[in-house]
Amino acid sequence: MIQIEQLIMHRMKMPLKHPFTNSRRTIDEKDFYIIELVDQAGNRGYGETVAFDTPWYTEETTTTVRYIMEHELAPILATPFDHPSSFIKRCQPVRRHQMAKAAVEGAIWDLYAKQHDVPLYKAIGGTNSQVPVGAAIGMKEDIPTLIEAIQREIDHGYKRIKLKIKPGRDLQILDAVRSEFPDILLMADANSAYTLDDLDHIKQFDQFDLMMIEQPLAHDDFVDHAILQKEIRTPICLDESIHTLSDVKTAIALHSCQIISVKLGKAGGFSQAKRIHDLCAENNIQVWCGGMLEAGVGRAQSLALATLPNFTLPADPGASNRYWHQDIINPEVEINNGIITLPDKPGIGYDIDEEALQFYRTERKSIPIT
Ligand SMILES: O=C(O)CCC(=O)C1=CC=C[C@@H](O)[C@@H]1C(=O)O
Ligand SMILES: [Mg+2]
């Protein structure tokens, strides 16, 4: 039984070690919340919001997740939980707001796993504590700088490289990278930078033997992606289009993609991400765990998700030191030969580094749950 007594929202501002540029914007810091739930025995469970500060990626923002957590989700924590999966059922009056739900649900799962003395990844049904990871590299000022960045990640052991592309910054870059690294697992993410008017142009990507092209077309589209997938050999991976089980059903019915990037935040937490994972497995859709430039808590939770058996492709969330000068967990997430080994400790498996948390915290708000 989980009886929550307190919800603490820690607002955090953390500068990224390197700015991350995609087709839509450059991100140089993350403004987010660490959620801390305290139960009647004094156990603490942690979650993290992954929304950005403006709605460029999905409709949620740091401000909307805060509002929803405080005014809609905190009140439904008062009745005790038998199991974390009841949370999402109680969320029925709240449509969407997936990232707000995921942060709170993640903290409930952490509490539950700690109460049962098991690692979070085992509590959610994960089977493999060894997660292969790749590196997502933002756009760079020129090709030599990009090649250097790729080489650095390969030297650190990352098992596949994801590049960001957009019209005018695609063919030449992919050509140069493929010539320099003929054998690496390579993919490209467009964050909706193209339309079907670019069909002939996109067809040329087939020559680069990409593992996949991620979200080439509109963020909410299924029909045009299905048309595109018929015309290109490169598998399409949907990211922004996939938030719910119905989205996955639509993508399957229309043949809009061959691969899906599952993210905890987009799915609204573990319970729904698991259902998406299972439906994809039944329909031969490959899945992999995408990243959201998370700090330590969100990173640990995404990695736990990536231990489910159908996550067969390398995940995005890598070592803490790729992103942060200092992460807010202890130890930091580390990579060894392209693999992150999840700790065998109860819950998320990492301790909160209280000093780092306080250093990057801009506000702390405690809400009694009654
Ligand atoms: O966390 C990571 O390492 C991957 C980050 C990443 O590629 C993305 C995070 C958030 C928004 C996007 O720019 C992008 C994505 O679309 O997958
Ligand atoms: Mg993406």
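Which residues does E214 touch, not counting residues up to four places away in sequence? In this predicted model, E214 touches M187, A188, D189, A190, C237, D239 and S261, where contact is taken as C-beta atoms, placed from the backbone, within 7 Å. Residues are numbered from 1 along each chain as its sequence is written, with chains lettered from A and ligands numbered from 1 in the order of writing. Because the model is predicted, local features need pLDDT of at least 70 and side-chain atom pairs count only at pLDDT 80 or more, whereas totals for chains, interfaces and linings use all residues.

E214 is in strand β8 (residues 213–214); strands are DSSP runs of E of at least two residues, and helices are runs of H or I of at least four, numbered from the N terminus. E214 counts as buried because 28 other C-beta atoms lie within 10 Å. The cut-off for buried is 20 or more such atoms, with 12 or fewer for exposed and partly exposed in between.

An unreviewed UniProt entry lists D189, E214 and D239 under "binding site"; such annotations may be inferred rather than shown by experiment, and the positions follow the numbering used here. The three residues are spread over 51 residues of sequence but cluster in space, with a largest C-alpha distance of 9.1 Å. D189 is placed in strand β7 (residues 185–189). With 24 C-beta neighbours inside 10 Å, D189 is also buried. Leaving aside neighbours within four places in sequence, the contacts of D189 are K162, K164, E214 and Q215.

The domain assignment gives domain 1 (4–119 + 351–368) and domain 2 (123–341), with bounds from an automatic or database source. Their C-alpha centres lie 23 Å apart. The contact between them takes 39 residues from domain 1 and 36 residues from domain 2. On the side of domain 1 that touches domain 2, α3 gives the most, with 9 residues. That side divides into 22 nonpolar, 9 polar and 8 charged residues, with Ala, Val, Leu, Ile, Met, Phe, Trp, Tyr, Cys and Pro counted as nonpolar, Asp, Glu, Lys and Arg as charged, and the others, Gly among them, as polar.

The largest nonpolar core has 115 residues, a core being a set of buried Ala, Val, Leu, Ile, Met, Phe, Trp, Tyr and Cys residues joined through C-beta atoms within 7 Å. Helix α3 (residues 98–115) gives the most to this core, with 11 residues. I35, A103, I108 and I260 have the most contacts inside it.

Technical notes: Contact = placed C-beta atoms within 7 Å.
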